[in-house]
Amino acid sequence: MPSIREKQTKDGRVFFEIQVSRGRSRSRLTTRWYAPVGWSRKAIDRELMKVAAEFERRVDNGEALSRAEAKEIDLLQKQEAAKIQTLHQYAERVFMPAKTVTISENSRSSFQGNLDRWIYPALGDLRMPDITAANISALLLDIQAQGKAHATVIKVYTVLNSLFKMAYLSDVIPKNPMDKVERPKQRKDDMRPAEPEAYTIEEVQHIFACLEKEPLKWQALIRLLVDTGIRRGECCGLQWKDIDFTENTITIAGNLCYTAKKGVYLDVPKNGKTRTIDVDPDVLGLLQQLRGQQVEHNVISPFVFTQNSSAEPMHPQTPTRYLKKFSERYGIDDLHPHKLRHSFASIAITNGADIASVSEKLGHSDKAVTLRMYTHSDAESMKRASQIFRDALKKAAK
């Protein structure tokens, strides 16, 4: 357990010192947390417990280091980098080990896949200082020429940008060739008409009607996705202990993920924070029925959604496969978990919900993400906004 002490700076600012022990052979690690001005003691204590738990997790996973340890690792990396000649050597010995500490397993797998598939075959055997902007641009153009999706080209560009930035800042190369590489633009023949990002209220009601013919597990899962806007992995990672049937809430504390290297594993939510959100009592009723069904079939599992006749959690890709078959059975276009998430946000915002609340429920790390994704409005909501403006002017004129 972390130890927590309340202290003050020389100028009187209150902060909390959090210490985590790493055993007798290693020094304790310490961090500070300053409570926002105006917070109640109850709110401070609640958030402090979360901050302390997250710091302890980072220490246990080796993500938090003392200054001396960080300097030693930096020195070792520079010494290792000095021995490196090719891009392949640098990426495998320095770049990927460093990225693995700071990014999720899914991102690590994506980075490695792009290195193996595209970057190593084209640039892997070249010496780092010899790689030019022309070499990199030629690779990106070649990927585009093969007809690959624009997203693929952008992912390769992102990996290269991160790799060369690290190499430049570590003095492995005297200049960064990416400074002269323009971010790839989408080809005109690759620009497809945008499909609807979300379902309308009527379409969601049709999905619910079709769901009544489906097994209880899928009724509960899909209704939960629509009602809360949670991510597919957060839904699959939901555990019974995270559900409060009295308060009609669930706590999103995990995210079930899959990579070919690691298999299925439970990770923290995407933004690294837990959140508690309200749920429709009707959906909780379906979850209670599902729990009873699991007991009847002697399936004892901490997870809400499990594999058939098993206590193992449902594979995070299973909902996508199921919804594809569901859409074919009932003639529903483009049905997948993320579109249900979009539908929750779109319907909520166009019917008056504030951005901050929707952002919190979706688990976005920044409200700007929510604004960027859901600022579109339908004709009815725009008409309503205009009327609110006119009514305000009339009221002021009286």
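Predicted model: local features only at pLDDT ≥ 70, side-chain atom pairs only at ≥ 80, totals over all residues.

Student: What makes two residues a contact here?

Student: Let's take a helix, then. How do you know that the length of α8 agrees with what a helix should span?

Tutor: Helix α8 covers residues 216-228, which is 13 residues.

Student: Why is α8 called largely enclosed?

Tutor: Buried means under 20% relative accessible area. Eleven of the 13 residues of α8 are buried, so the rest of the structure largely encloses this helix. Among them are Leu216, Trp218, Leu221, Ile222 and Val226. Lys217 and Gln219 are on the buried list too.

Student: What comes just after α8?

Tutor: Gly229, with a positive phi of about 75 degrees.

Student: Which residue other than glycine has a positive phi of about 65 degrees?

Tutor: That's Asp171, in the loop between α6 and α7. Ser309 is another non-glycine residue with a positive phi, near 55 degrees; its place is in the loop between α10 and α11.

Student: Why is Asp171 called exposed?

Tutor: The cut-off for exposed is over 50%. Asp171 has 64% relative accessibility, so it counts as exposed.

Student: And what makes Ser309 exposed?

Tutor: Set its value against that cut-off of over 50%: Ser309 is at 77% relative accessibility, so it counts as exposed.

Student: Now the strands. In what order do the three strands of the open sheet come?

Tutor: The order is β4-β5-β8, with antiparallel pairing.

Student: Why do β4 and β8 stand at the edges?

Tutor: Each has a single partner strand, so one side of β4 (243-244) and one side of β8 (275-278) are left without a neighbour in the sheet.

Student: How do you know that β5 and β8 pair?

Tutor: Pairing takes at least two bridges. Strand β5, residues 249-252, and β8 have four bridges, in the antiparallel sense, so by that definition they pair. For example, Ile250 has Ile277 in β8 as its bridge partner.

Definitions and conventions:
Residues numbered from 1 in each chain as written. Heavy atoms only, no water. Helix = DSSP H or I, 4+ residues; strand = E, 2+ residues; numbered from the N terminus. Expected span 1.5 Å × (residues − 1). Buried < 20%, exposed > 50% of the residue type's maximum accessible area, 1.4 Å probe, protein only.
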